[in-house]
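Morning, everyone. Let me put the model up, and then I'll walk you through it.

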Amino acid sequence: MKEISKIASNVKASTTITVDSLYKQMKADGIDVIGFGAGEPDFETPENIREAAHTAIRNGHTKYTHSSGMPELRKSVVHRLAEDCRIDYAPEQIVIASGAKHNIYVTVRTLINIGDEVILPAPYWVTYAEIIKMAGGVPVIIPASEANDFKITKTELEAAVTERTKLFILNNPSNPTGMLYNEKELRDLAETCVNHDLYIMSDEIYYNLVYDGKKFTSVAELGEDIKERTIIINGVSKTYAMTGWRIGYSASNLELANIMGNYLSHSTSSPSTISQLAAIEALKGSQESVVTMRNEFEKRRNYIVERINAIKGLSCRKPDGAFYIMLNLEHQIGKTLGGKVINNSDDFSLAFLENGNVATVSCTGFGIDNFVRLTYASSMESITEGINRLERFVGV
């Protein structure tokens with residue numbers, strides 16, 4: 001048989017999905033296992049949103065929609081971006097896809113030619129690097145240190161730009177670090193992108209989960225020059241606990257939005273009509289559930305950070321947003337835990353799952369070693385027991 005596509009063959013499985021699958025299998029086998037792995041809110045989708053979906057079904061709204069999404073949903077996105085992020089778009093600049101991950105894929109496919117370079121700060125969400133390669137692009141990784149809160153500087157971005165650079169990927173707040181770029185830091189990065197005529201794909205899916213009263217700033221609100229070059233990625237999954245509904249969106253200049261719509265029209269076409277109608281209610285209805293969820297996440301974050309930093313040989317930074325902790329394993333490397341020598345974060349994550357019955361995500365897939373990612377998108381009871389098991393596992 002003829003060979004399979006080299007690009008497709010080189011795509012790696014998502015490390016987050018792999019760990020979560022093993023965790024779910026262990027649970028199905030009746031093992032008492034705690035999940036700190038998947039990035040998914042543990043809250044139910046709010047009742048008003050679920051009722052909107054029921055109403056859609058009862059009223060027979062089950063037909064195809066425009067490939068870029070229902071006009072009313074695109075208007076709802078425009079409303080929410082103006083309300084929350086102080087940015088004005090026309091509905092025609094909004095593209096609805098089957099989850100924010102799908103919007104990221106379509107954005108990269110729209111922008112990148114074979115050999116184009118894409119600057120990606122590390123740690124990064126594992127899917128970014130794989131999508132760049134799926135499009136024939138070249139990921140250019142800029143390591144961001146824990147000492148600098150896992151954020152890159154203008155100088156580091158400048159040093160990575162070449163004549164082949166086309167796109168800079170920004171995730172703010174970040175998965176996996178939870179760190180937030182402030183307005184001054186964003187202006188510095190934006191200035192570099194404008195000077196070098198680069199696009200910015202700004203994944204802002206966690207923008208509503210920012211703590212300590214800090215202000216979220218979208219890079220697109222920093223001026224028309226940068227807005228014209230920015231593709232905002234967002235969706236309803238994290239803010240409204242709607243991960244399985246698969247509704248994401250992008251906001252960009254009109255030319256890019258039209259091309260993305262054309263791409264969608266020949267691939268997946270529109271997402272589920274019922275999910276779109278539910279998303280309209282999420283974006284335009286009461287936002288009380290967002291505040292409730294954010295407040296609960298902040299309490300969990302405070303607890304887990306305090307507990308981890310009290311464990312000898314472990315540490316973590318206090319994240320600004322999202323619902324992740326970067327657990328520093330530097331002082332565990334070389335030790336034997338659970339009968340295994342810990343040479344890297346992969347070893348730790350596997351040993352902890354097999355011997356401590358707790359699922360975490362090794363950060364080697366995120367472009368950094370000696371860290372594992374823990375999520376606090378879990379009940380306080382599970383978080384408490386999980387950290388108790390962590391203490392026992394490292395021998396405290």
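First, a term: two strands pair if DSSP finds at least two bridges between them. Helices (H or I, at least four residues) and strands (E, at least two) are DSSP runs, numbered from the N terminus. This is a predicted model: local features need pLDDT of at least 70, side-chain atom pairs count only at pLDDT 80 or more, and totals for chains, interfaces and linings use all residues. Residues are numbered from 1 along each chain as its sequence is written, and side-chain values use heavy atoms, with hydrogens and water left out.

Start with the sheet. Strands of a sheet pair through backbone hydrogen bonds, either parallel or antiparallel.

Now strand 3. Ile-119 stands opposite Val-140 in strand 4. How many residues of strand 3 are buried? The count is 6 of the 6, so strand 3 is largely enclosed by the rest of the structure. Buried means under 20% relative accessible area, exposed over 50%, partly exposed in between (1.4 Å probe, protein chains only). In a regular strand the side chains alternate between the two faces of the sheet. Strand 3 is covered on both faces. One side has Glu-117, Ile-119 and Pro-121, the other Val-118, Leu-120 and Ala-122, and all are buried.

Next, Phe-168, which lies in strand 5. Phe-168 is at 0% relative accessibility, so it counts as buried. What does Phe-168 touch, leaving aside neighbours within four places in sequence? Its contacts (heavy atoms within 4.5 Å) include Ile-119 and Pro-121, and also Leu-189, Cys-193 and Met-201. Cys-193 is 25 residues away from Phe-168 along the chain, yet their C-alpha atoms are separated by 7.7 Å.

Met-201 leads us to strand 6. Strand 6 (residues 199-203) and strand 7 (residues 230-235) pair in the parallel sense, over 4 bridges. The bridge partner of Met-201 in strand 7 is Ile-231.

On a 1 Å grid over the protein atoms alone, a cavity is a set of points where a 1.4 Å probe fits but cannot get out, and a pocket is an open set with protein on both sides within 12 Å along at least five of seven lines; lining residues have an atom within 4 Å of a point. Grid points are joined across faces, edges and corners, and a volume is the space filled by probe spheres set on the points.

The whole structure has 1 cavity of 30 Å³ or more. The largest cavity holds about 130 Å³. Of its 15 lining residues, the closest to its centre are Pro-121, Pro-123, Asn-171, Ser-174 and Tyr-181. Strand 5 gives the most to this lining, with 3 residues. By class, the lining has 10 nonpolar, 3 polar and 2 charged residues. Ala, Val, Leu, Ile, Met, Phe, Trp, Tyr, Cys and Pro count as nonpolar, Asp, Glu, Lys and Arg as charged, and the others, Gly among them, as polar.

The second largest pocket is about 340 Å³. Among the residues closest to its centre are Tyr-23, Asp-42 and Ser-378. Helix 2 gives the most to its lining, with 4 residues.

Last, the backbone. Most residues other than glycine have a negative phi, and most peptide bonds are trans. A cis bond joins Ala-122 and Pro-123, with omega about 10°. Pro-123 sits in the loop between strand 3 and helix 6 (126-134). Asn-172 to Pro-173 is also cis, with omega near -10°. Asp-212 has a positive phi, near 60°. At 43% relative accessibility, Asp-212 counts as partly exposed.
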